[in-house]
Amino acid sequence: MDEDINISVNLTGIDSFPATKLKSKQKVFGNRAQRIKQRRSLKLNKLRESESNIPKQEFKNSKGFGKRTAVNEEQKQSEESPAKKQKLNGKINEKHAYSAEGIKEEVFASTKFQDTSLHPHLISTLEQRLGLTVMTRVQQLTIPVILKNNDVLVKSQTGSGKTLAYAMPIINCLMNRAIKVGRDDGPYVLVVVPTRELAVQTLETFSTVLQSAVWIVAGCLMGGEKRKTEKARLLDMGYEKDVAEIVTALNTKGNEHRQTILLSATLTTGVERLAGMALRNHEMIDASSMEHEGSKSKNVQDTVSIWPQSSADNQAFALPEKLKQYFVIVPCKLRLVTLAAFILWRCKMQSKKSKMVVFLSTQDSVEFHHRLFSQVLISGAKKSSHLTEDEDNVLPGTKDESETATLFKLHGEMSQKERTKVFQDFSAAQQGVLLCTDVASRGLHLPKVDWIVQYTTPGATVDYIHRVGRTARAGKQGNALLFLMPAEAEYIKELNNHKISLSEVPIKDVLLTLLTAVYELPLPPVLTKRQDPRTYEEAATYLQDRFEECVLRDPNMQTLAAKGYQSFVRAYATYTTSLKKMFAIKDLHLGHVAKSFALRQTPSHLSNLANRPLSKAFNPGFRFRAKADLAREGRHDSRKLPFSATVSEFGSGLGPNSSFVKKKATKKK
């Protein structure tokens, strides 16, 4: 067995589960497929019996995870040899700050909508259509300021109701105009948001509220599908420039009486620049700065008059109070199986299935993981070829379609029709997993999401805030898990500096799920005489082999895996200077990165795989154009973007016209 499978860092005080002995004395009958099915059933029964006999003190928290204690840490350090304290890609600094006193922001206020000066028909629509009677804190603070026709800059945590905070007073002002708004008048209000999905969601909110004023019509305009400047990150990839152009155009029209409202969950330098461009004599609201005790006697002006001063390096952010945040330290070569194990654990093995969002760094990575997990993990997704259609040969673990975990994917290179359908389907789903890029990290309200998994580190803390903000919305429970490689563990301190506290998940607790889960996976197309796993290390090796075999036997999967690998490496090189120490590309073990994409080829051979054309029957779900495909058609890649743009989630940076390729070609000349 590969020694690397024995996790070299033990960051938990929880003792290991006892190894399960899987010896069945009961005879099995029938053909080979039937015998395999019977053996699986026997082993599953024994595993479940053994799990039920594990002492309860082994579990720190059935719904969450245990925190590391100083006593346990000292014991583990004394027991470990120096060799075990080495990570796969360098040394581990085990001294981290794990707790920080965060900023608390109450979600709901005691004030009701009926206590405001909003139009009665508007209040009635809120109560009947949306079931809302009590305002949130940010709505209580913001609505009166907007009704006074003042410009305002609002900062409030994710999921606090910011959309209604500005939509309600805007619609109220239109309803109360002396001259009734007509459909031929043109637009009175312009709402600018960074992504298409958020535009669709905002339109739905306005349309619902406008049922009390049917003469006012809401519409939605989005950039063309070939427009490459649209970015999920709010300001760093062109959005700030676009907003500046819009503001300049409005200013040239001489709109002296224009009212401007700017809202964000984070106050960054870019947001401040936007405020300077767009706002005039504005008031500022920070929903987390209000002293809630005796708040009834406080004037809104007391809250909005002073903005807390803090630098970008130590700015504190308010997070939902019921959000539980975790992190897991995972060696690079175990990342793929650990992610798969966590998805199986939360979305398949538990009686109450989770609804989960998994963030990845690039669109190529999303495509690869979606197709890989669909083929290997999803029970009943594809029957093995040697089994008949007889009901007796249904794969072990296969359940009704309604109970089977569904995989969704979302990224910027999908067509608008696909993106809209995925957004709507996942929003309506009761369970499932959405694999996505940062295109889904801003502003979206995805109902009933209870887990956010950040498989790749976001980098900037503001991006972390927006990602985890897709759960624990409007006072509900939510959980977030951050994957870190050993060399990246210092990122926890970076979050602590912003008053963000996380608890640790031992990797062993995640991988232990595989002892049961591997027996409920669909059978591979080719059956082998591989020995059944008896420990979680062996189970992890078994699943990794399944992934690698899936990629190895399919040339199209090899191409997707190679593109995912290369785009991951290139994206890893784009972290900001302040984070380079934690995310240094020179510290990456490229062979282990390749293994995390189920590749058995050496990194030096992957460039050829990435440019290999896909078969016509293979539809990866996005506009993938390999270099060989374009050359065969006598065309060139028209995506002439600067290198910094091509490594975003909207492009892998691997096109022949990227600055990286051009630079090498120039040297050859």
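This is a predicted model: local features need pLDDT of at least 70, side-chain atom pairs count only at pLDDT 80 or more; totals for chains, interfaces and linings use all residues.
**Asparagine 479.** I placed asparagine 479 in strand S13, which covers residues 478-484. Its relative accessible area is 14%, so I noted asparagine 479 as buried, the cut-off being under 20%.

**Serine 596.** Next I looked up a loop residue. Serine 596 sits between helix H19 (590-595) and helix H20 (606-610). Is serine 596 buried or exposed? I read 4% relative accessibility, so serine 596 goes down as buried. Setting aside neighbours within four places in sequence, I listed its contacts as Cys332, Arg335, Leu336, His369 and Tyr455. I also checked proline 331: 265 residues separate it from serine 596 in sequence, while their C-alpha atoms are 9.7 Å apart in space.

**Nonpolar cores.** Then I turned to the largest nonpolar core, which has 113 residues. Which of them touch the most other members? I got Leu372, Phe373, Leu514 and Phe547. Helix H10 (residues 335-349) contributes the most to this core, with 10 residues. I followed up leucine 514: beyond residues up to four places away in sequence, leucine 514 touches Val337, Ala341, Leu344, Ala539, Ala540 and Leu543. I also noted a second, separate core of 29 residues, with Ile123, Val145, Tyr166 and Val181 among them.

Last, I checked the record. An unreviewed UniProt entry lists residues 111-140 as "domain: DEAD-box RNA helicase Q". In the model I find this span to be 50% helix and 17% strand, with its end C-alpha atoms 7 Å apart.

How values were computed: Residues are numbered from 1 along each chain as its sequence is written. Side-chain values use heavy atoms; hydrogens and water are left out. Helices (H or I, at least four residues) and strands (E, at least two) are DSSP runs, numbered from the N terminus. Buried means under 20% relative accessible area, exposed over 50%, partly exposed in between (1.4 Å probe, protein chains only). Contact means heavy atoms within 4.5 Å. UniProt positions are given in the numbering used here, feature names are shortened, and annotations may be inferred rather than shown by experiment. A nonpolar core is a set of buried Ala, Val, Leu, Ile, Met, Phe, Trp, Tyr and Cys residues joined through side-chain atoms within 4.5 Å.
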